[in-house]
Amino acid sequence: MGKKALLAVVAVLTFFAGAGTTSALAATAEENYRFYCAQCHGLEGRGDGPNATENQPVSPRDHTSAKEMEKLTDEDIINSITDGGTATSKSSLMPPFGKTLSRSEISELKGLLRKLCKCKGKWLGRQGVLLKKRSDGKYLRQSGLDT
Ligand code: HEC
């Protein structure tokens, strides 16, 4: 290999290595949201994407609604993105993304949803026990927590 050709190879390799380390190729939560979620949830997360039609039995969640989103714990959000709506006993019209997105991408999407709703999961702590209010008004003890 001539010296020039070798230099060219080194330059190309350096370019890709650089792109990798600065993670210029990794998609941000906003990009993932626009690519994977917006067709149903809308570009701004209002639940009004082009795939949301009146003919569907349920509408995609309005991610900007604090009233709706505070009913979900962070764990609920992560579970429904990973395993789909059925993971939280919701509609299977919400698809699972656990095989498409990494755990950290899903966690970052959860962070983005919390920014969109400007809300947190509503927890009612009582003597260190974490409870979640269900839609029927009863309190559910959250599983998977050491209480
Ligand atoms: C094919 C349409 C569709 C796509 C794509 C979609 N969703 Fe959904 N999503 C829905 C529907 C419909 C619901 C409402 C389910 C219900 O209330 O039963 C929903 C509900 C949700 C909920 C609330 C779940 C709950 O437990 O109440 C979250 C969080 C959510 N979606 C996040 C996302 C994220 C993040 C993406 C992209 C990675 C995404 N969705 C992509 C249709 C979609």
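Colleague: How do the axes of helix α2 and helix α5 cross, and within what distance do they come?

Modeller: In this predicted model, the axis of helix α2, residues 29-41, and that of helix α5, residues 103-117, come within 9 Å, and they cross at roughly 90°. That angle makes α2 roughly perpendicular to α5.

Colleague: Which residues in α2 meet which ones in α5?

Modeller: From α2, the residues are Ala 29, Glu 30, Asn 32 and Tyr 33, and in α5 they meet Glu 105, Glu 108, Leu 109, Gly 111 and Leu 112. Sorted by class, this contact of α2 with α5 has 4 nonpolar, 2 polar and 3 charged residues.

Colleague: Stepping back a bit, how many helices and strands does the chain have, and in what order do the elements run?

Modeller: The chain has 5 helices and 3 strands, and from the N terminus on the elements run α-α-α-α-α-β-β-β.

Colleague: And what percentage of the chain counts as buried?

Modeller: Of the 147 residues of the chain, 12% count as buried. As for contacts in the chain between residues at least 6 apart in sequence, 39% of them join residues at least 24 apart.

Colleague: Which residues make up the largest nonpolar core?

Modeller: That core has 9 residues in all, namely Tyr 33, Cys 37, Met 69, Leu 72, Ile 77, Ile 81, Ile 106, Leu 109 and Leu 113. The elements that give two or more residues to this core are α2, α4 and α5, and the largest share, 3 residues, comes from α5. As a general point, nonpolar side chains tend to be buried together in soluble globular proteins.

Colleague: Take Ile 106 from that list, then: why does Ile 106 count as buried?

Modeller: Ile 106, which lies in helix α5, counts as buried because it has 21 C-beta neighbours inside 10 Å, and the cut-off for a buried residue is 20 or more.

Colleague: What does Ile 106 touch, leaving out residues up to four places away in sequence?

Modeller: With those residues left out, Ile 106 touches Ile 78, Ile 81, Thr 82, Phe 97 and Leu 101. Ile 106 and Ile 77 are 29 residues apart in sequence, while their C-alpha atoms are 9.0 Å apart in space.

Colleague: Changing topic to the ligand, how many residues surround it, and which are the closest?

Modeller: The ligand is surrounded by 24 residues, and the closest of these are Cys 37, Cys 40, Lys 90, Ser 91 and Met 94. Two or more residues of this shell are given by each of α2, α4, residues 74-83, and α5.

Colleague: Which element gives the largest share of that shell, and how does the shell divide by class?

Modeller: The largest share, 5 residues, comes from α2. By class, the shell around the ligand has 14 nonpolar, 7 polar and 3 charged residues.

Colleague: One last thing, where is the place of Asp 48, and is Asp 48 buried or partly exposed?

Modeller: Asp 48 sits in the loop between α2 and α3, the latter being residues 66-69, and it counts as partly exposed because it has 16 C-beta neighbours inside 10 Å. Asp 48 and Arg 61 are 13 residues apart in sequence, with 8.9 Å between their C-alpha atoms.

Colleague: And what about Glu 44, where is its place?

Modeller: Glu 44 is in the loop between α2 and α3, and with 14 C-beta neighbours inside 10 Å it counts as partly exposed. Its C-alpha atom is separated by 9.3 Å from that of Asp 62, and these two residues are 18 residues apart along the chain.

Note on methods. Residues numbered from 1 in each chain as written. Predicted model: local features only at pLDDT ≥ 70, side-chain atom pairs only at ≥ 80, totals over all residues. Axes fitted to C-alpha atoms, helices over the stretch in contact; angles between N-to-C directions. Helix = DSSP H or I, 4+ residues; strand = E, 2+ residues; numbered from the N terminus. Parallel < 35°, antiparallel > 145°, perpendicular 65-115°, else oblique. Contact = placed C-beta atoms within 7 Å. Nonpolar A, V, L, I, M, F, W, Y, C, P; charged D, E, K, R; others polar. Near = placed C-beta within 6 Å. Core = buried A, V, L, I, M, F, W, Y, C linked by C-beta atoms within 7 Å.
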